Amino acid sequence: MRQDSCEYECSLDDRFFAEIDAPEIHEGCLKVHLSVKKSVGAYVLEFHTEGTVTVACDRCLESLELPVCADNVQIVKLGADFSEDEDLVIVPEEEGYIDVSWLIYEFVALSLPMKRVHAPGECDERMMGVLGEHVCVSSSSEEAEDWGEADTEAIPDDGRETDPRWNELKKILNNN
Ligand SMILES: [Zn+2]
């Protein structure tokens, strides 16, 4: 192993997500391997993150466990002031350290699928019933099961196509 490389391992659990006040992921169990290599004028941080996280199902809002396996590279340089964009983080030279917890959170969140729903038939039926009443859609279970299979052509694939209100909107669009 090269002398200018350091390896770190850590395990993250529910406390990690609570401490960083994570907006989407509230539970998880992850192993992170971080390798820090010093190259010319910069540090190359290579993250490998593996495990599971729990998010809310888009359809029934109950807990949904998702597997995580993410590999990410972040370039870090020392500079005058802190700055951050997609490719480069600049750490103030007098501070000389970087807190990677938010980086790891972002890598994990980005690795998750856009559409987060249970497998067919595994959604919480009770919750589905409550949600169905609130959004005033047909109470037939047939329609409820169709939520996740909405045609995505007319609506951008940002996860909202599972919202039954969009189905109503599409009917309006199709009739004109
Ligand atoms: Zn569900």
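The protein has 5 helices and 6 strands. This is a predicted model. Along the sequence, the elements follow the pattern β-α-β-β-β-β-β-α-α-α-α. The 6 strands form an open sheet, and helix α2 (residues 101–111) lies across β2, β3 and β4.

**Overall makeup**

- Of the 176 residues in the protein, 13% are buried.
- Take the contacts with a separation of 6 or more: residues 24 or more positions apart account for 51% of them.

**The sheet**

- The strand order is β1-β2-β3-β4-β6-β5, with mixed pairing.
- β1 (5–12) and β5 (83–84) are the edge strands, and each pairs on one side only.
- Strands β2 (residues 27–39) and β3 (residues 42–56) run antiparallel. They are joined by 13 bridges.
- V36 stands opposite L45 in β3.

**Helix α2 on the sheet**

- α2 runs at about 135 degrees to β4 (63–79).
- I104, Y105, F107 and V108 of α2 are buried.
- These residues sit on the same side of α2, because they cover an arc of only 165 degrees around the axis.
- An α-helix has 3.6 residues a turn, so residues three or four places apart point the same way.
- W102 and L110 lie on the other side of α2, where they are exposed.
- β2, β3 and β4 are among the elements that cover the buried residues of α2.
- Leaving out residues up to four places away in sequence, Y105 touches I20 and A22.

**The nonpolar core**

- The largest nonpolar core has 11 residues.
- Its members are L12, F16, F17, I25, L30, V32, V53, I104, Y105, F107 and V108.
- α1 (14–19), β2 and α2 are the elements that give two or more residues to this core.
- α2 gives the largest share, 4 residues.
- The buried residues of α2, namely I104, Y105, F107 and V108, are also members of this core.
- In soluble globular proteins, nonpolar side chains tend to be buried together.

**Points to check in the structure**

- Which strands does α2 lie across? They are β2, β3 and β4.
- Which residues are exposed on the other side of α2? Look for W102 and L110.
- Which element gives the largest share of the core? That element is α2, with 4 residues.

Note on methods. Residues numbered from 1 in each chain as written. Predicted model: local features only at pLDDT ≥ 70, side-chain atom pairs only at ≥ 80, totals over all residues. Pairing = 2+ DSSP bridges. Contact = placed C-beta atoms within 7 Å. Axes fitted to C-alpha atoms, helices over the stretch in contact; angles between N-to-C directions. Buried ≥ 20, exposed ≤ 12 C-beta atoms within 10 Å, placed from the backbone. Arc of directions from axis to C-beta. Core = buried A, V, L, I, M, F, W, Y, C linked by C-beta atoms within 7 Å.
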